[in-house]
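Open the model in your viewer and keep the selection tool ready. We will go from one residue to the next.

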Amino acid sequence: MGIFGAMTTAVSGLSAQAYALENISGNIANSQTTAFKRIETSFIDLIPDSGPKRELSGSVTGQSRATNTIQGQISATSITTNLAVNGDGYFIVQQPQGFVDGQPSFGAVNNFTRRGDFTIDANGYMVNGAGYYLRGLRLDRTTGNPLGSSPVPIQVTNDVIPARASTQINYRASLPTVPATANASSTVPGSELMASTLIGSATIGPSNSSAFVSTSVAGGSVTVYDALGNQANVQVRWAKTANAAAGPPAVSDTWSAYYQSNSAAGSETWTRIGGDFTFGPTGQLTSPTTNPVITGLTVNGTSVGNVTLDLGTSGLSQYARADGTVQVTDIGQNGYAVGELMNVTITDAGRVRGNYSNGQSVDLFSIPLASFNGDNMLKRLDGGAFAETSGSGPPIMGAPGRIISQSLEGSNVDISEEFTKLIITQQAYAANTRIVTTSNSMLQETINMIR
């Protein structure tokens with residue numbers, strides 16, 4: 001039985017080396033496959049049961065060894081929805097069970113992959129090159145918080161983002177101590193002040209509009225929006241009403257602010273913003289102490305509603321300026337018009353962000369990553385996907401890996417290493433054939449003994 005046993009052992013060696021060759025072939029074939037994880041071959045010796053003095057080296061079999069924990073190289077792409085995972089973690093994906101009216105239907109079983117060549121299909125789903133649909137957590141568009149804890153297929157629709165009415169105007173400016181109004185004259189004290197007949201007016205109508213403009217200076221403008229997205233251009237002007245003077249009663253530098261509520265020719269109207277704005281000797285605002293509210297802000301018939309003029313902690317001041325103009329350093333507001341989806345990007349935090357034509361960006365989904373205690377025990381599926389097994393354990397949400405957008409993870413196959421293994425496998429296979437040849441020769445010699 002020794003010669004026959006040697007031949008059988010050699011045949012097992014041929015089979016094991018052929019199995020190794022098959023894995024090497026598959027690795028080389030997938031050297032350019034996105035996020036492919038190569039398969040190593042482990043050789044297991046099979047020892048027959050025998051006494052201590054008759055132990056044999058035994059035959060051999062080949063087994064696969066996964067390399068799921070070995071990362072491939074990450075390279076940049078030009079597609080904003082391409083994703084790579086740097087570190088531990090898998091994307092949660094599913095393949096559709098079928099399609100109903102062109103829409104995919106899904107089951108309850110999740111798969112996992114590191115293949116991140118996702119693009120948006122005709123229905124707005126994020127699908128990778130192997131046909132797996134990415135799953136994520138839907139986000140509240142206002143707060144950005146997840147809506148639930150169970151991932152759903154990520155679908156970005158072309159729904160418009162509704163308009164938002166302006167409720168706040170951010171305003172930061174420095175007023176001049178001597179405003180350069182049209183009526184101001186260096187030889188006439190107080191000529192830079194607002195016309196006395198207009199001081200304190202809540203509304204300045206068409207008959208006094210020209211006098212108001214001549215005794216005030218421009219304070220910037222900003223476009224605001226009503227609840228339907230209609231635009232209104234708010235133009236601000238400042239008029240100084242009093243210069244500081246010693247008391248009693250003491251008088252501070254005092255200003256009034258107005259916005260143009262009607263700009264039609266012959267109907268120009270200006271409406272006052274809040275009350276008096278007073279400044280101390282160091283140029284700091286002393287009154288009001290809270291942000292004034294523009295009640296029922298209306299421009300040319302477009303009613304925006306109550307709008308707060310946010311001045312910040314020290315956003316409004318008064319200093320000597322040679323040009324006598326208002327230096328506006330910041331003016332903005334929090335409303336916007338209706339917006340259409342322009343494109344989709346992925347943030348560094350792994351959030352699917354829709355960018356709209358009105359300049360707004362909204363986080364729509366969060367992409368979670370799953371990890372496993374036994375990564376290399378996952379079941380391999382077509383297209384670079386994996387399924388959980390009893391050996392891998394259940395998925396653990398919140399893997400520490402980091403999602404990198406506009407990037408892809410490459411295969412972890414090293415061609416030079418595979419060719420080295422190919423040479424070794426070839427030589428081992430050839431050596432096993434020599435055992436078969438030698439065993440055959442020895443059997444021939446045994447047969448020849450009876451001749």
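Select E40. Is E40 buried or exposed? Its relative accessibility is 10%, so E40 counts as buried, the cut-off for buried being under 20%. Keep in mind that this is a predicted model.

E40 and K421 form a salt bridge, and their closest N and O atoms are 2.9 Å apart. Colour the two elements involved. E40 sits in strand β1 (residues 39–46) and K421 in helix α3 (residues 415–448), so this pair ties together parts that are 381 residues apart in sequence. Then widen the selection to R38 and E418. Together with E40 and K421, R38 and E418 make up a network of salt bridges. Side chains of opposite charge can pair when their charged atoms come close.

How many salt bridges does the count come to? The count is eleven. Two further ones are worth a stop.

Select D117 and R115. Their side chains meet in a salt bridge, 3.1 Å from N to O. D117 has a relative accessible area of 15%, so D117 is buried. R115 is buried as well, with a relative accessible area of 16%.

Next, select D363 and R353. The salt bridge here has its closest N and O atoms 2.7 Å apart. D363 belongs to strand β26 (residues 361–366) and R353 to strand β25 (residues 351–356), so the pair ties together parts that are ten residues apart in sequence. D363 is buried, with a relative accessible area of 19%. R353 is at 29% relative accessibility, so R353 counts as partly exposed.

Switch to the aromatic rings. The count comes to twelve aromatic pairs. Start with Y125 and Y133. Their ring centres are 5.6 Å apart and their planes stand at 70°, so the pair is edge-to-face. Both Y125 and Y133 are buried.

Move on to F212 and W270. Here the ring centres are 5.2 Å apart and the planes are at 50°, so this pair is tilted. F212 is in helix α2 (residues 206–214) and W270 in strand β18; the pair links distant parts of the chain, 58 residues apart. F212 is at 0% relative accessibility, so F212 counts as buried. W270 is buried too, with a relative accessible area of 4%.

Then show Y90, F112, F372 and F386. Ring pairs link these four residues, Y90, F112, F372 and F386, into a cluster.

Last, the nonpolar cores. Which members of the largest core touch the most other members? Select Y171, V224, V234, W238, F277, L297 and L316: these are the ones, out of 26 residues in the largest nonpolar core. Colour the strands that build this core. Each of β13 (168–176), β15 (217–225), β16 (231–242), β17 (253–262), β18 (269–279), β20 (293–299) and β21 (302–310) supplies at least two of its residues.

Zoom in on Y171. Leaving out residues up to four places away in sequence, Y171 touches G219, V236, W238, L309, D310, L311, G315, L316, V326, V328, D330 and I331.

Note on methods
Residues numbered from 1 in each chain as written. Predicted model: local features only at pLDDT ≥ 70, side-chain atom pairs only at ≥ 80, totals over all residues. Heavy atoms only, no water. Core = buried A, V, L, I, M, F, W, Y, C linked by side-chain atoms within 4.5 Å. Buried < 20%, exposed > 50% of the residue type's maximum accessible area, 1.4 Å probe, protein only. Helix = DSSP H or I, 4+ residues; strand = E, 2+ residues; numbered from the N terminus. Contact = heavy atoms within 4.5 Å. Salt bridge = Lys/Arg side-chain N within 4 Å of Asp/Glu carboxyl O. Phe/Tyr/Trp six-rings, centres within 6.5 Å; stacked < 30°, edge-to-face > 60°.
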